[in-house]
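Here is a friendly briefing to read alongside the model.

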Amino acid sequence: MDGNGSLDIVTGNFGQQNVVYLNNGGGIFTQIRPFGIGADNTTSIAIGDVNDDGALDIVTGNSGQQNVVYLNDGSGNFYIGTVNCITSLANVTCFGTGTDDTRSVTLGDIDSDGDLDIITGNDRKQNIIYLNDGIARFNQTRNFGTGSDRTWSLAVGDINGDRYLDIVTGNAGQPKCSLSE
């Protein structure tokens with residue numbers, strides 16, 4: 001997360017502060033960097049460079065709150081403080097309705113335009129793809145699933161070999177999975 005080549009740890013904590021633990025290079029995590037509001041209902045995180053600046057960003061899937069993209073400043077620093085999803089912040093982007101019960105979030109270039117899109121799996125709500133406009137704004141959406149699915153896990157990959165990402169959902173209490181192209 002800080003660009004030093006050592007793997008860091010990012011935790012999304014339900015009802016507590018989300019935290020980045022920076023690895024000093026020897027497997028010792030000496031710097032703790034909180035991000036978010038301190039009482040996020042984070043159920044899932046995804047990490048990827050959503051604004052194409054070379055630094056890994058964090059996407060949080062939240063239950064009963066808007067989902068949030070935290071942009072990395074390149075040194076492993078992320079926004080800390082109250083996220084007001086109505087007011088625009090340079091390093092934070094909110095997405096979703098705020099009432100979604102997002103249980104899983106993942107990233108992939110769903111529309112094959114070269115940037116990472118966000119895919120959310122929601123419990124008893126429509127699953128949603130948020131298309132990246134190339135500068136980390138996620139306005140255009142595509143729904144998938146039934147709306148009554150209890151999607152708690154997601155994976156993306158080219159399942160059928162056609163060079164397009166497919167989405168696999170894991171649904172709680174439902175003995176099926178769905179594949180979307």
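Strands here are DSSP runs of at least two residues, numbered from the N terminus. With that in mind, Gly12 falls in the loop between strand S1 (9–11) and strand S2 (14–23). Please remember that this is a predicted model.

**The loop glycine**
- Gly12 has a relative accessible area of 32%, and buried means under 20% while exposed means over 50%, so Gly12 counts as partly exposed.
- Setting aside neighbours within four places in sequence, Gly12 is in contact with Asn18, Thr42 and Ile45.
- Gly12 and Val69 are 57 residues apart along the chain, and their C-alpha atoms are separated by 13 Å.

**Aromatic pairs**
- A pair of aromatic rings is described by the distance of the centres and the angle of the planes.
- Ring centres must lie within 6.5 Å to pair, and by this rule there are four aromatic pairs.
- One of them joins Phe35 and Tyr70 edge-to-face, at 5.1 Å centre to centre with 70 degrees between the planes.
- This pair links distant parts of the chain, since Phe35 sits in strand S3 (residues 29–48) and Tyr70 in strand S5 (residues 67–70), 35 residues apart.
- Phe35 is buried, and Tyr70 is buried too.
- Phe95 and Tyr130 also form an edge-to-face pair, with 4.8 Å from centre to centre and 65 degrees between the planes.
- Here too distant parts of the chain are linked: Phe95 belongs to strand S6 (residues 92–95) and Tyr130 to strand S9 (residues 127–131), 35 residues apart.
- Phe95 and Tyr130 are both buried.

**Beyond the pairs**
- One aromatic cluster is made up of Phe35, Tyr70 and Phe78.
- Over the face of Trp152 you will find Arg103, at 4.7 Å from the ring centre.

**Nonpolar cores**
- The largest nonpolar core has 13 residues, and those with the most contacts inside it are Val50, Val59, Val69, Ile118 and Phe138.

Terms used. Residues numbered from 1 in each chain as written. Predicted model: local features only at pLDDT ≥ 70, side-chain atom pairs only at ≥ 80, totals over all residues. Heavy atoms only, no water. Phe/Tyr/Trp six-rings, centres within 6.5 Å; stacked < 30°, edge-to-face > 60°. Helix = DSSP H or I, 4+ residues; strand = E, 2+ residues; numbered from the N terminus. Buried < 20%, exposed > 50% of the residue type's maximum accessible area, 1.4 Å probe, protein only. Lys NZ or Arg CZ within 6 Å of the ring centre and 35° of its normal. Core = buried A, V, L, I, M, F, W, Y, C linked by side-chain atoms within 4.5 Å. Contact = heavy atoms within 4.5 Å.
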